[in-house]
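Subject: The structure you asked about

Hello,

Here is the structure I promised to pass on. Have a look at it first, and then read my notes below.

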Amino acid sequence: MKAIRRFTVRPVLPEALRPLSDLARNLRWSWHAETRDLFQSVDPERWAASNGDPVRLLGSVPPGRLAELAEDRRFLRRLAAVAGDLNDYVTGDRWYQSQSAELPAAVAYFSPEFGITAALPQYSGGLGILAGDHLKAASDLGVPLIGVGLLYRHGYFRQSLSRDGWQQEHYPVLDPNELPVGLLREPDGTPAQVSLALPGGKQLRARIWLAQVGRVPLLMLDSDVEENDLGERGVTDRLYGGGSEHRLLQEMLLGIGGVRAVRTYCRLTGHPEPEVFHTNEGHAGFLGLERIAELADGGLHFDAALEAVRAGTVFTTHTPVPAGIDRFDRELVARHFGPDAELPRIEVERILQLGMETYPGGEPNLFNMAVMGLRLGQRANGVSLLHGQVSREMFSGLWPGFDPAEVPITSVTNGVHAPTWVAPEVFRLGARQIGAQRTEDALTVGGSDRWDSVGEIPDQDIWELRRSLREQLVMEVRERLRTSWRQRGAGTAELGWIDGVLDPDVLTIGFARRVPSYKRLTLMLRDRDRLMDLLLHPERPIQIVVAGKAHPADDGGKRLVQELVRFADDPRVRHRIVFLPDYGMAMAQKLYPGCDIWLNNPLRPLEACGTSGMKAALNGCLNLSVLDGWWDEWFQPDFGWAIPTANGTDGGAPTLSAVGDDPDHRDDVEAAALYDLLEQRVTPRFYEQGQAGLPDRWIEMVRQTLTLLGPKVLAGRMVREYVERLYTPAAHAHRAMTPDSARELAAWKARVRTAWHGVTVDHVETSVATATAELGSTLGLRVRVALGDLAPDDVEVQAVSGRVDSEDRIADAATVPLKQAGGPDLEGRWVYEGPLSLDRTGPYGYTVRILPAHRLLASGAELGLVAVPSEEMGEAAGVLMR
């Protein structure tokens, strides 16, 4: 019979064991080995059965065992030590508290998904894992962050395979009472709620669940409450599920409801109010509208409130392709705002203008969440150097008249949370070398450019560690493969072959990630005969472990999974290549350490960052990857191999259009390059033994990867960069933007936009009349400009100079402000002068331009306004060459 109602019966812990509850409720256990070891000692069998989830463990331990532990003095001493360590961790000063700069009082970090631990399955892939690592690193550093997300009742889907290898999706129901979260409650004990107004006088209500991630609270909104109608209860049902309106409601709840949840949390706990709001991808962009509405309620008009909100907002884009951005029909958005719906005091047209694609090639009837994020954030960044460059190109239409290099989008390269992803065996090897505390500090705070102590670890120890991790992976793979085949309908008698799958002494390659087409899951299958030769080589075989989920609506991705699975099912190679379904954090934590090579072969430059290779590298795994994302930035031959691309073996940055010219030819060329590398360089180095019977050159690459690459890929380094380069400037801008300053800036911008048509460069002359000049000499520039209704204080006149190409485009431009030297003359013109140093040889050119200038602007490009000489004037001035 089926139960009509389900609920969770919680255990009552003896008084002496009460600290176990606090330890289970703080997700620091997910990256703190001593806490996990303590829980394992409660009941090793039940710990394994609970998949390492302390909340589930405590719910299953018999009262007799709890009573026994309450009398066990040795266990109680361990419990007291671990509980004391957590208390020190959450209350003591850390890196952030030791900084002298005036840092933000608090930062709110919004993301549609968070990958903290497999016990809280609220993530689909890299964006969520990155968000989880961001929270953990912020906690380790003492950054006063508040995380904001949604609590999905089905999470992301669980993946299994049919007998013929087709992906199947399952959506298990998650009971929040069985998760390591608790309800945020009002002083009278009732659950705290936020609500959104919907069209037709309806309401969307949501409770606020709190997950404690070390020092960082993570607020998750859940619409499955009895006061909601059935449709509204389902808003937070699935991550990235449903149609357009469903997604729009999710994103309104995340952004608008999320700000309301932050205000509620700060009111109830006394946590400082955030000075900076960080939007992780466009999904949470509506948070800016809610903050504008708050300020409007306080008496600011829309334009001034917009300036105040922009000053304290950071926007991070994670996608290098327009198709990866959420876009909604403008009529759908319009219906959910205004007098009969949400934010009634803001004109709907003003809201729509923030997200409209009002630039060449844009769709005028679509509301673009990333475009709104950029318009609502004064600071923006991509997630690797190359991705920053791609983002400046992709969004350059928002800043007309500026070269992509000047588009105000910077980059902070992603990092990974080492304590989460480094295998315990790797940590112990480091601790043996420099001590546990120094190892923990190196992995969390970071800050050094090199981990030189790795150089002192004997080759034999490194090689034994690598083999031990590989052996653990082999055991894990066999267990998961057996489970998968049973799900596919195989009987036990059919599965004897699984005992021979993989070999702990064979070069092991890992490939695991989401399965959109650009990541090219099946590139390795382009020439199946060559791949088989590599897998079955008599002296130098390879073995490959593959995992990944295709989006439920992506049949093309599912076909790629099926193609790979069918190849791996072939009895000739199934002991050498496996596909493991249901890729997630628990699998990943075994997979990265156990592989010798991490393979990544996306279409360049479509991988924004690609952090899985970073996690592998921290465990001594070498990367074999296309020069894309972070690998383009930090690749060295010491760390692995770069797969040449069809656009040039040096990895020269192809344009997006060039990437797609002939997909079949491109894939053939790049697959052949991959096979060549494996045959000629990778496998010989792994199997080639030196005098001591060890692969000396391979071990040296592992050592270099850990020594030089390890410190770069840390989430601690990433979060410190966010604090120093984005959060702190944003907090200072927020403080400077008083209501009066916001009104002043808004009025000034309106005046400048209205008057800009009257701003022109009328005449440019130099002190050198010839077409050549000597290196090291200085030109005198004299420029006459018209400012119309503006004054010199409203603008900056600049000389822009640098090397020029055959079409006179300036590269690597240097800008120098010119000084006002006179005016206005009888015609109302102003004169500006300044020196121009000729500091490089070869084709060289200059131009001048006028930009708006105000002390509260973060960038001269902020308004997207620029005045430059006419083409006729440029021809008259000529190009200086030497």
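Predicted model: local features only at pLDDT ≥ 70, side-chain atom pairs only at ≥ 80, totals over all residues.

Let me begin with the overall layout. The protein is divided into domain 1 (15–91), domain 2 (106–411), domain 3 (466–711) and domain 4 (755–877). Between the centres of domain 1 and domain 3, taken over C-alpha atoms, there are 37 Å.

Next, a pair of helices. Two packed helices are described by the angle between their axes and the distance between the axes. Helix 19 (residues 459–487) and helix 22 (residues 585–594) have axes that come within 8 Å and cross at roughly 140 degrees. Helix 19 is therefore oblique to helix 22. The crossing of helix 19 past helix 22 is left-handed. On the helix 19 side, the residues that meet helix 22 are Arg 466, Leu 469, Arg 470, Gln 472, Leu 473, Glu 476 and Arg 480. Their partners in helix 22 are Ala 586, Met 587, Lys 590, Leu 591, Pro 593 and Gly 594. Sorted by type, the residues of this contact are six nonpolar, two polar and five charged.

Now for some backbone details. Most residues other than glycine have a negative phi, and most peptide bonds are trans. Leu 502, in the loop between helix 19 and strand 15 (507–512), has a positive phi, near 65 degrees. Leu 502 counts as buried because its relative accessibility is 3%, and the cut-off for buried is under 20%. Leu 343 also has a positive phi, near 50 degrees. You will find Leu 343 in the loop between helix 12 (330–335) and helix 13 (348–355), and it is buried, with a relative accessible area of 4%.

There is a cis peptide bond too: it joins Arg 604 and Pro 605, with omega about 5 degrees. Pro 605 sits in the loop between strand 18 (597–600) and helix 23 (612–617).

Leaving aside neighbours within four places in sequence, Thr 317 is in contact with Glu 281, Asn 381, Gly 382, Val 383, His 387, Ser 391 and Phe 395.

Definitions and conventions
Residues numbered from 1 in each chain as written. Heavy atoms only, no water. Axes fitted to C-alpha atoms, helices over the stretch in contact; angles between N-to-C directions. Helix = DSSP H or I, 4+ residues; strand = E, 2+ residues; numbered from the N terminus. Parallel < 35°, antiparallel > 145°, perpendicular 65-115°, else oblique. Left-handed = near helix turned anticlockwise from the far one by under 90°. Contact = heavy atoms within 4.5 Å. Nonpolar A, V, L, I, M, F, W, Y, C, P; charged D, E, K, R; others polar. Domains from an automatic or database assignment. Buried < 20%, exposed > 50% of the residue type's maximum accessible area, 1.4 Å probe, protein only.
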